[in-house]
Amino acid sequence: SSVRCCRLRAMSVPFDQQFPMSARSMESAQLLAHAEGEEEPQPRRQVVPSLVPSLVARPLLSGRRKRALAAAILGGGALLAVAAYATGDISTTAASMRPGVGVRSFMQAHEAAEATTKSWMCPGSTNFRGVGDLELVKANGTGTSKDAVIHVASDGTLAPHLGGRGYFGEKCSGGAYNYSAYKAVRLLGKTIQYTVDLGRAGCGCNVAFYLTPMQKNEDPTECGDYYCDANAVCGVRCDEVDVMEANYYTWRSTLHLANDGDGRGSGLGGTGIHEQTWTAKEYGPEADCINTSKPFEVRAHFPMNETTGDMLGMMVDLIQGDCNLTATVDKYSFQGVDGIKELGQSLDGGMVPIVSYWSSSALSWLDGQDNVGKNPCPVDEPRKCPKTGPKMSDFKVSNFSGSFRKSSADLSREPKDSPAMWHRFGLNGGGDVDGDQYDPKNCFIQSILRDPNFTYGWLSLGNEGGGEVNGTSYTVLECYIKAIEADMKNADAWNSLGGMGGGAVGGKNYTKRDCFIQTLALNPGNIYSWNGLGMEGGGAIHGKNYSKKDCFIEALKLDPKFAFGWNGLSGEGGGQVSGKNYSRKECLEKALEADSSLSYAWNGLGSQGGGVVAGKNYSSQECFAQTLELDPKNGYAWNSLSERGGGTVDGRNYSVKDCLLKALQFDDSLSYAWKALGDLGGGVINGVSFDCLQCFVKAVQMDWKNSYAWNGIGVKGGATFGGKTYTKKQCFIWAIEADRNNAFAWDALNKEGGGTVAGKNYTTKDCLIHALAANPDLSYAWNSLGGMGGGTVGGKKYSKRDCYLRAVWADEKNTYAWTGLGGQGGGNVAGKHYNTKECMVKALEADPKNPFAWSGLGSAGGGTVDGTEYSAKECFEHALQLNPSLSFAWKGLAKEGGGVVSSVPYGEQECLAKAGAELSLK
């Protein structure tokens with residue numbers, strides 16, 4: 001019954017059926033007819049169509065607003081005044097009005113507008129015997145259902161037009177909706193009854209009478225009228241008691257706890273969860289007992305245990321002449337909660353009666369193939385649903401009298417020991433038969449023993465995990481195959497076979513996709529098959545191709561709260577559902593609002609940077625933590641949490657390394673987790689210790705294109721694995737072949753003297769240029785390129801000075817770049833000019849052990865470094881103490897008349913001799 005959201009998607013109804021002429025003024029009628037695009041009897045002033053929806057929903061005027069509208073009318077016509085009333089925009093509308101119309105016109109316009117609002121919202125009252133006169137309040141709804149009405153005749157008979165829904169209230173005054181005005185009828189220990197004429201509502205039509213505690217719902221909901229039900233049609237869930245969901249061929253009475261959209265029901269027809277209580281021989285057009293071509297009486301009883309006060313269940317009697325059919329729901333448990341007891345408390349507190357009439361092409365849960373293999377409606381045809389026809393009348397509430405009975409119908413034509421009876425017995429939980437206990441699985445086996453071709457027996461046995469029949473053991477897969485071979489049109493069995501991965505039926509192999517296509521060809525309302533087909537990449541149904549995205553959208557059309565559909569659509573980057581575009585992130589948020597237990601949706605939302613779920617903001621880190629609380633063995637989520645600095649899962653803090661260890665504990669194929677663990681020095685995985693090099697090797701073994709893992713192996717000097725030895729240079733070459741934008745690897749290959757990548761030889765200079773093209777912020781690569789005389793990077797030529805400038809811009813602490821820039825006479829850095837001496841000082845402030853900078857500063861005549869003044873001689877002495885092989889420093893010291901280096905005095909000639917010796921060595 002997940003598709004019951006279609007209550008809000010009814011077909012539009014002709015305008016003259018929506019608003020009876022007696023209930024509105026001619027001015028209002030022509031205004032609304034113009035907006036609907038109907039032909040007008042007489043040409044009238046143009047009115048913007050967008051004004052019309054506001055007209056019927058606008059609250060009645062306050063005194064202040066009446067005065068404002070009166071002032072506007074003094075300058076314009078009454079019809080545009082009604083438009084101004086509808087939009088609330090008095091000032092802009094008044095500018096277009098004609099002068100000369102008096103206050104009487106205003107009052108007439110205002111009264112017409114108020115009458116239109118009230119007639120739309122308050123169609124009339126009916127006498128509810130045992131309760132009193134109750135007014136019907138028409139649903140606000142959305143889209144076309146807003147324009148569908150429920151007609152109330154003078155005798156109180158209700159006639160819902162297609163798409164109409166209404167609530168019983170103490171009063172209906174028009175204007176704003178008020179939840180406290182709805183009538184809460186206390187029904188525990190009571191009987192509520194009425195007469196219904198289904199009015200030829202056939203396959204794809206649903207005439208409904210049900211109860212929800214709307215009077216307690218303070219949330220206006222997405223529909224704006226405080227409506228709630230178990231399927232959150234308007235965004236809010238609450239308990240629901242469906243006395244009747246019916247058409248010409250099927251009937252369903254269902255109990256729903258607030259969070260159970262399927263519920264537990266009883267009746268005839270459909271794939272939804274219910275007890276099959278009678279057959280088409282007893283219920284349907286010209287049937288033996290309830291002839292749905294004629295009116296019949298419905299009595300819904302809610303008896304209670306007089307001692308405990310708890311409800312015994314719901315018993316619904318259908319009565320026509322002297323024939324009676326009973327649909328009873330006396331067992332209902334959901335997520336460990338006693339549904340009968342809980343709903344009894346809701347009925348005791350009072351529930352609001354609701355009537356509706358709607359249609360859908362996906363009503364198989366109500367009128368499709370039933371529990372005994374019958375198919376009341378092979379195809380739903382909502383276009384054939386009459387716009388008017390169904391009627392309800394003679395409402396009454398009284399004390400329950402009589403006994404509480406099980407579902408009963410004239411099923412004597414069906415043998416007690418038949419496959420269908422055993423199957424029904426199994427669906428109801430099994431029990432005692434002639435002193436023997438039969439659990440559901442044994443019941444289904446008994447049904448198959450009586451008819452080896454009983455398709456639903458095989459399907460249910462598969463759902464129970466398979467079993468032994470006549471000494472042969474059947475797996476789940478084999479049961480589904482047997483179900484299909486017994487009836488190739490068993491859509492549910494095809495869907496289940498698809499869920500198992502497909503299989504061979506009648507000697508022909510069917511893939512998962514094939515199975516879902518077979519299902520949807522038989523039942524286009526199966527949301528799980530649409531979802532499954534989407535997961536398989538889409539396919540063709542009845543000659544029409546559906547892409548992967550199309551399939552998820554079709555599933556969401558059937559049930560906008562279908563979490564799996566939203567999650568699937570997110571994987572396709574998002575899409576348009578019901579006229580609204582949803583991004584990938586919005587799809588994930590919708591999925592989690594529908595089902596917050598979807599760990600992979602949390603994982604996806606984390607990858608999107610986090611988002612808002614049920615009004616609460618979740619960071620990316622929090623999303624991955626949510627994923628892991630639901631699925632603590634999700635290695636990907638642990639890895640993602642590590643990338644975000646770690647976090648708290650189930651009250652425990654996990655560091656980055658903790659997260660990586662957990663990720664690899666559950667999934668040792670995560671290449672990038674191995675690489676990250678290597679960066680942290682390694683660790684112990686499942687009792688085995690891995691050092692950093694071993695982690696890098698594991699990363700590469702899991703993914704040969706993990707460029708940065710190759711970097712790690714190269715930095716460690718290479719390694720032998722997979723029967724082959726990789727040198728340092730080869731590792732950097734592999735890193736580059738895996739990722740041509742790996743700047744670190746290009747720079748490292750430069751330091752290795754260059755090499756051959758993908759058959760092409762690269763010099764050291766080529767490597768530097770590629771490194772800088774990949775990452776222009778590599779300061780030391782710019783420095784090296786400057787040392788090679790400059791070069792062309794990204795199509796632009798850089799001189800030596802340019803390269804040193806880029807190096808300094810990238811890193812102001814690059815001592816050698818400052819030294820090189822000083823050697824080029826200095827330059828402008830961050831808007832300031834630095835000469836040679838200033839460049840050498842900056843180099844030494846960055847690294848006081850830079851011998852080249854000391855020598856350069858000596859050549860510049862000395863200078864002040866970190867507050868200390870150094871002469872030229874002292875600078876040369878510092879340079880040679882750090883690097884005694886610097887010939888130019890020896891020459892400089894000779895010019896200064898010699899000096900002391902490492903406590904050894906050198907005269908001028910000795911310095912020149914040292915300089916010459918160093919030059920000859922070079």
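This is a predicted model: local features need pLDDT of at least 70, side-chain atom pairs count only at pLDDT 80 or more; totals for chains, interfaces and linings use all residues.

Trainee: Why does Lys-384 count as exposed?

Mentor: Its relative accessibility is 62%, and the label needs over 50%, so Lys-384 is exposed.

Trainee: What makes Lys-384 and Glu-381 a salt bridge?

Mentor: The term asks for a side-chain nitrogen of Lys or Arg within 4 Å of a carboxyl oxygen of Asp or Glu. For Lys-384 and Glu-381 the closest N and O atoms are 3.2 Å apart, so the pair passes. Glu-381 sits at 36%, which makes it partly exposed.

Trainee: How many salt bridges does the structure hold?

Mentor: There are 14. Another one of them pairs Asp-317 with Arg-405, whose closest N and O atoms are 2.5 Å apart. That pair links distant parts of the chain, 88 residues apart: Asp-317 is in strand E15 (residues 314-320) and Arg-405 in the loop between E20 and helix H10 (419-427). Those element names are DSSP runs numbered from the N terminus: helices are H or I with at least four residues, strands are E with at least two. Asp-317, at 5%, is buried, whereas Arg-405, at 29%, is partly exposed.

Trainee: Now the rings. Why is the pair of Tyr-528 and Phe-562 called edge-to-face?

Mentor: Rings of Phe, Tyr and Trp (its six-membered ring) pair if their centres lie within 6.5 Å; planes under 30 degrees apart are stacked, over 60 edge-to-face, and the rest tilted. Tyr-528 and Phe-562 give 5.4 Å centre to centre and 90 degrees between the planes, so edge-to-face it is. Tyr-528 lies in helix H16 (residues 527-535) and Phe-562 in the loop between helix H17 (548-558) and helix H18 (563-571), so the pair ties together parts 34 residues apart in sequence.

Trainee: And what makes Trp-710 and Trp-734 stacked?

Mentor: Their planes meet at 15 degrees and the centres are 5.2 Å apart, so the pair is stacked. Trp-710 is buried at 0%; Trp-734, at 30%, is partly exposed.

Trainee: How do you know that Arg-165 lies over the face of Tyr-227?

Mentor: The rule wants NZ of Lys or CZ of Arg within 6 Å of the ring centre and within 35 degrees of the ring normal. Arg-165 is 4.0 Å from the ring centre of Tyr-227, and it is listed as lying over the face.

Trainee: Next, how do you know that Cys-203 and Cys-377 are joined by a disulfide?

Mentor: A disulfide is a pair of cysteine sulfur atoms within 2.5 Å, and here the S to S distance is 2.0 Å. The link is left-handed, with -80 degrees about the S-S bond. Both Cys-203 and Cys-377 are buried. By this rule the count comes to 6 disulfides. Another of them joins Cys-205 to Cys-385, also with sulfurs 2.0 Å apart; that link is left-handed too, at -110 degrees. Cys-205 is in strand E7 and Cys-385 in the loop between H9 and E20, 180 residues apart.

Trainee: What is the pattern of the disulfides along the chain?

Mentor: Counting bonded cysteines along the chain, the pattern is 1-2, 3-11, 4-12, 5-7, 6-8, 9-10. Cys-695 is in no disulfide: the nearest cysteine sulfur, that of Cys-692, is 7.4 Å away, and the cut-off is 2.5 Å. Cys-695 is buried, at 0%.

Note on methods:
Residues are numbered from 1 along each chain as its sequence is written. Side-chain values use heavy atoms; hydrogens and water are left out. Buried means under 20% relative accessible area, exposed over 50%, partly exposed in between (1.4 Å probe, protein chains only).
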